[in-house]
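Subject: Structure handover

Hello,

Here is the structure I promised to pass on to you. Please open it alongside this note.

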Amino acid sequence: MRRADGDARNASADLILRGGAVHSLAPGGGDATALAVRDGLVCALGDDREVMAHAGSATQVVDLAGRAVLPGINDAHLHATWLGAMWPTTLFGDEAGPGPVPHRPLLDDAQRREAILRAGALAASLGITSYTEPGLGPGEDHGESGAFGTSVALQYRALAAEGLLKARVTALWLYGELDGPSDLEHFLAGLAALDSSTSDPRWLRFAGVKIFADGIPPMRSAYTHHCYADGASATLLVDGTDDADREANLARMIIAAHRAGQQVGVHATGDRTIDITLDAIERARADHDADLGHYIIHGDLVTRPQLRRMAALGVGLDTQPEIALRTRSLVDDALGPGSAAAAWPLQAVLDEEVSLCLTSDAPVLSPDWRRQIAAADAWMGPAADPRARTERLLRCYTVEPARQDHAADWKGTLAPGMVADLCVLEADPLALVPAELPDVAVDLTVVDGRIVHDRATTPEPV
């Protein structure tokens, strides 16, 4: 329970971190050497002397000894229940592209609960304090994995109510199959019956819906304006009698969700799919101009003109730069030599001021955010100011996901009054180049002012 305001002003801090580099990532917040936490919130930020004034006899003081503090990592696209079932296996493994999906089904609620808890422990060990489950619901109630159906949403509700989650969770409802077809009838029925209630929306929030609009370029299933190198063409995953009908149904889904006040995350990799999505969002906003934070998931073949439209419409992008590095040759094989060089235009995304979330898509890839930042830097090429780029990419795992979660006023940065979600790294990432970041250990993870991972005392999840 939070203390009353009067009590809080006179109370000592519960936790103080001092003697390091505290990167608040808050606008104008600058850096500090110490931070104090009280009742799950940051209560002070500054130099050691200023912050230690908040210490009392019961305050836990952690000597950073030169280590660095960051806002908690927020992976905006992480299939945690599936990850809990699969880890340490990932779909890519050590290969360039995705391999066969291991058959490790979650057969009952007890196994689903255990998978969520296992993923939570893994997330904590990586400094992840928030994540998005991008697709849970009736479309997968009979799915082979058992990791995406309505029963998973129910387990999240139970764990949140019991206070057992180690990370804050945002979820999107799914009314079709994962990586498979959906249809307008079931989508509209799902919207009509939608129940997004939770015991505490700061720990579990059902934000909206996910739509699988197309596949991926290496599999020649991204919906593009041009044929593939072998002359093949793809279709949308949304059901319809022909391409025009499928496109119209995808637009109807997006517009219906917008009218219902639901955020929409559209899995769209092909440029043609992205055009249809942006057209629908533009129509929806013309009818009811509310910024619901819709976003494109993956966006492999997004173009510069589309990025300008996204910025104007307030549409964000969630993407995985490690996939770009791993599948470069596969994309060139599918679309023609040189095609990959124009895909995943991360620098253009930043230049056009589109809100960018770097994500893992785990267990497609490892949930290790340090690898994604290193991959983004490698994909973008040499930086004129490496420190500025590192900080900008860190924001894509903290500040921008909080914005996507409609939570930037209470998480994503470290400032007085913000929730005390943070991680401690053994070295300062802003003193390194991104290629060095994957070797920097996460020493401590704090969520809501509570230590949920301490590398010194907690074994690494296996």
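A word on the ground rules. This is a predicted model, so local features need pLDDT of at least 70 and side-chain atom pairs count only at pLDDT 80 or more, while totals for chains, interfaces and linings use all residues. Residues are numbered from 1 along each chain as its sequence is written, and side-chain values use heavy atoms, with hydrogens and water left out.

Pockets

The search ran on a 1 Å grid over the protein atoms alone: a pocket is an open set of points with protein on both sides within 12 Å along at least five of seven lines, a cavity is a set where a 1.4 Å probe fits but cannot get out, and lining residues have an atom within 4 Å of a point. Points are joined across faces, edges and corners, and a volume is the space filled by probe spheres set on them.

The largest pocket holds about 880 Å³ of space. Its lining is made up of 40 residues, and Trp82, Leu91, Val101, Asp179 and Val364 lie nearest its centre. Two or more lining residues come from each of helix 3 (80-86), strand 11 (204-212) and helix 10 (321-335); helices (H or I, at least four residues) and strands (E, at least two) are DSSP runs, numbered from the N terminus. Helix 3 has the largest share, with three residues. By class, this lining has 19 nonpolar, 13 polar and eight charged residues. Here Ala, Val, Leu, Ile, Met, Phe, Trp, Tyr, Cys and Pro count as nonpolar, Asp, Glu, Lys and Arg as charged, and the others, Gly among them, as polar.

The second largest pocket holds about 210 Å³. It is lined by 14 residues, with His226, Asp271, Leu301, Thr303 and Leu335 closest to its centre. Seven of the lining residues are nonpolar, five polar and two charged.

Cavities

How many cavities of 30 Å³ or more are there? The count comes to two. The largest cavity has about 70 Å³ of space, and of its 13 lining residues, Gly72, Thr129, Lys411, Gly412 and Asp421 lie nearest the centre. That lining divides into four nonpolar, seven polar and two charged residues.

The second largest cavity has about 30 Å³. Among the residues that line it are Ser182, Phe187 and Ile211, and strand 11 gives the most to the lining, with three residues. The classes here are five nonpolar, two polar and two charged.

Methionine 253 is in contact (heavy atoms within 4.5 Å) with Ser182, Asp183, Leu184, Phe187, Ile211 and Val238, leaving aside its neighbours within four places in sequence. Methionine 253 lies in helix 7 (residues 243-259) and counts as buried, at 0% relative accessibility. Buried means under 20% relative accessible area, exposed over 50%, and partly exposed in between (1.4 Å probe, protein chains only).

Ten of its twelve residues are buried, so helix 13 is largely enclosed by the rest of the structure. Asp377 and Met380 are among the buried ones. Glycine 381 follows the helix, with a positive phi near 85°.

Arginine 389 lies in helix 14 (residues 386-395) and is buried, with a relative accessible area of 10%. A polar contact of 2.9 Å joins its side chain to that of aspartate 377. A polar contact is a pair of N or O atoms within 3.5 Å; within protein, one must be able to donate a hydrogen and the other to accept it, and residues adjacent in sequence count only if both atoms are side-chain atoms. Beyond its neighbours within four places in sequence, arginine 389 also touches a set of residues including Met380 and Gly381.

Threonine 59

Threonine 59 sits in the loop between helix 2 (48-52) and strand 6 (60-63). Is threonine 59 buried or exposed? It is buried, with a relative accessible area of 12%. The side chain of threonine 59 reaches the backbone oxygen of alanine 13 at 2.6 Å, and a polar atom of that side chain lies 2.8 Å from the backbone nitrogen of glycine 56.

Best wishes
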